[in-house]
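Colleague: I would like to go through this model with you. Shall we start with the contacts of one residue?

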Amino acid sequence: MTDRERFEVEALGRVIGGRVEPTDDYWGGTQAIIQLDDGRFTSDATKGLEEFSHLEVVFRFHLTDPADLNLGARRPRDNPDWPEVGVFGHRNMRRLNWLGVSRCRLVKVDGLDLHVEGLDAVDGTPVLEVKPWFAEMGPRGEVRQPGWVGEMLGDYYAPGAE
């Protein structure tokens with residue numbers, strides 16, 4: 001690929017509350033609000049959303065040090081017991097476009113405030129997209145992953161000490 005396509009994306013809201021520092025584990029029970037921009041949206045934008053149990057949220061890792069970008073292979077969480085994998089073989093924040101994707105529980109909709117639980121984004125995080133989770137859009141067929149993933153993420157959504 002010789003032409004690098006570039007485009008701009010605008011945040012449609014921010015995460016309010018929840019955790020203030022990104023950490024690797026214990027996101028379970030974390031509650032926050034996705035506050036949509038009231039300068040662009042009205043409450044009509046969230047009409048019907050309360051019928052869904054979960055959201056898929058795309059956000060920007062805004063606290064990541066740009067000097068920490070690694071497009072090659074590395075060991076997840078720098079654990080010597082796990083294999084080196086390339087940037088596309090894991091889901092950490094050290095990515096070219098600094099984008100994260102999370103699926104979280106929708107607790108309630110209050111106008112443009114989306115109360116969520118289990119969103120692994122911190123207070124102040126720019127939210128780029130919010131979509132309701134459709135079960136039909138989930139994986140089809142057998143799901144497989146290497147063993148180190150389950151070992152690494154065993155406590156990811158365990159209850160935290162908030």
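Colleague: Which residues does Arg74 contact, leaving aside its neighbours within four places in sequence?

Modeller: Contact means heavy atoms within 4.5 Å. This is a predicted model: local features need pLDDT of at least 70, side-chain atom pairs count only at pLDDT 80 or more, and totals for chains, interfaces and linings use all residues. Residues are numbered from 1 along each chain as its sequence is written, and side-chain values use heavy atoms, with hydrogens and water left out. With sequence neighbours within four places set aside, Arg74 touches Pro83, Glu84, Val85, His90, Asn92 and Arg94.

Colleague: Is Arg74 buried or exposed?

Modeller: Arg74 sits in strand 4, residues 73–74; strands are DSSP runs of E, at least two residues, numbered from the N terminus. Buried means under 20% relative accessible area, exposed over 50%, partly exposed in between (1.4 Å probe, protein chains only). Arg74 has 10% relative accessibility, so it counts as buried.

Colleague: Arg94 is on that contact list. Which residue does Arg94 pair with in a salt bridge?

Modeller: A salt bridge puts a side-chain nitrogen of Lys or Arg within 4 Å of a carboxyl oxygen of Asp or Glu. Arg94 lies in the loop between strand 5 and strand 6, and its partner lies in the loop between strand 3 and strand 4, 26 residues apart. The closest N and O atoms are 2.6 Å apart, and the partner is Asp68.

Colleague: Which residue forms a salt bridge with Glu56?

Modeller: Glu56 is in strand 3, and the partner is in strand 6, 47 residues apart. Glu56 is partly exposed at 21% relative accessibility. The closest N and O atoms are 2.9 Å apart, and the partner is Arg103.

Colleague: How many residues are in the largest nonpolar core?

Modeller: Such a core is a set of buried Ala, Val, Leu, Ile, Met, Phe, Trp, Tyr and Cys residues joined through side-chain atoms within 4.5 Å. Ile34, Leu55, Val57, Leu114, Val116 and Leu119 have the most contacts inside the largest core. Strands 2, 3, 6, 7 and 8 each give two or more residues to this core. The largest core has 20 residues.

Note on methods. Helix = DSSP H or I, 4+ residues; strand = E, 2+ residues; numbered from the N terminus.
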